[in-house]
Amino acid sequence: MRKKIAIASGKGGTGKTSVSVNLAAQLSDTLNPDSQHVALVDLDVEEPNSLLFFKDAERFYHDDESRPVPVWDEKACTLCNKCSQVCEFNAIAFLGTKVLVFPDLCHSCHACSVLCPEDALPMQEKRMGELSYYKPTQSNLSLSEYRLDIGQPSAVPLISSAIKRINQIPGDNQIFLLDAPPGTSCPMMEIVKSSDFVLLVTEPTPFGLHDLQLAVETVEKIDRPMAVVLNKAGSGADHLIDNFCELEGIPIIARIPQSRKVAEAYSRGELVYKINDEFHEIYKSFSEDLVNMLKTLDLE
Ligand code: SF4
Ligand code: SF4
């Protein structure tokens with residue numbers, strides 16, 4: 001089975017990272033290590049923190065992530081002004097005697113570079129962040145982390161680049177868990193649209209419901225199958241989430257109870273599913289149900 005699963009939430013603070021790291025570790029325990037690999041990809045690029053929960057993981061690869069932007073070659077330019085007219089993102093200004101490129105506005109579409117009759121806008125790589133691959137102790141689990149440089153105007157190019165890399169990883173027996181940034185803006189959409197299935201993590205509060213509704217709307221527009229993970233269950237108004245999901249026909253695949261022990265384990269950077277039998281069983285059944293849901297996708 002080869003599947004990409006986005007783990008998203010309409011708002012921050014729902015426990016999305018906790019769900020991602022515990023699900024990844026439990027899935028790797030549940031699945032046959034000889035035949036199925038689990039890759040947790042931390043795409044919460046402005047503050048990736050999954051690594052905090054895999055303290056023994058060793059980093060085995062590290063690289064810069066960059067994207068192409070045009071650079072003006074003054075000597076070659078004949079000041080025809082085609083470039084600023086073609087750029088849909090106002091990333092090029094034609095000033096009559098010179099051309100200004102604004103790399104932060106550039107979407108790396110190559111249009112100006114291709115259309116310039118004098119080859120006066122060659123594309124050059126510009127660093128936007130970095131990636132690291134880690135090997136946790138479980139044999140069939142890997143962790144990759146993408147980190148955006150401070151000052152970068154958008155997370156989307158780095159996320160797109162990460163997804164391209166994921167798509168190039170060979171092998172049919174791969175489950176990728178893509179930990180998305182909170183919210184429903186472009187970075188989350190970029191991840192959801194490249195995924196086969198979406199897990200939406202929420203909490204039982206009016207705010208949780210409001211942001212879950214926005215997240216569901218977004219996923220529906222992109223037309224992806226989804227399930228809800230109710231975190232901190234029993235701590236508030238579970239019925240709000242239950243009623244909404246029933247009305248929308250969205251399954252609640254797991255309920256993670258609110259617990260002081262969970263909060264303490266989280267604050268120590270420990271995996272919650274290991275703290276006692278109750279949480280082990282919850283994550284085990286969550287993993288099994290998820291695998292079964294993914295299998296049904298192949299049948300549809
Ligand atoms: S399209 Fe090329 S030649 Fe024309 S103004 Fe832009 S950089 Fe100069
Ligand atoms: S590469 Fe595309 S977005 Fe960037 S400056 Fe050229 S036309 Fe504009």
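A: Two strands count as paired if DSSP finds at least two bridges between them. Strands of a sheet pair through backbone hydrogen bonds, either parallel or antiparallel. The model discussed here is predicted.

By that criterion, β6, residues 123–135, pairs with β7, residues 141–148, in the antiparallel sense, with six bridges between them. One of the residues involved is glycine 129, whose bridge partner in β7 is leucine 148.

This pair belongs to an open sheet of nine strands, in the order β3-β6-β7-β2-β8-β1-β9-β10-β11. The pairing in the sheet is mixed. At its edges stand β3 (58–70) and β11 (252–257); each has a single partner strand, so one side of each has no neighbour in the sheet. From one strand to the next, the twist averages 20°.

Helices lie against this sheet. Helix α1, residues 16–30, lies across β1 (2–8), β2 (37–42), β7, β8 (174–179), β9 (197–202), β10 (226–233) and β11. Its direction is at about 165° to β8. Helix α5, residues 186–193, also packs on the sheet, where it touches β1, β8 and β9. The direction of α5 makes about 155° with that of β1.

As for the setting, the protein chain has nine helices and 11 strands. Its C-alpha atoms fill a box of roughly 70 × 40 × 40 Å along the principal axes. The chain has 300 residues, of which 41% count as buried. Among its contacts with a separation of 6 or more, 77% are between residues 24 or more positions apart.

Notes. Residues numbered from 1 in each chain as written. Chains lettered and ligands numbered in written order. Predicted model: local features only at pLDDT ≥ 70, side-chain atom pairs only at ≥ 80, totals over all residues. Helix = DSSP H or I, 4+ residues; strand = E, 2+ residues; numbered from the N terminus. Buried ≥ 20, exposed ≤ 12 C-beta atoms within 10 Å, placed from the backbone. Contact = placed C-beta atoms within 7 Å. Axes fitted to C-alpha atoms, helices over the stretch in contact; angles between N-to-C directions.
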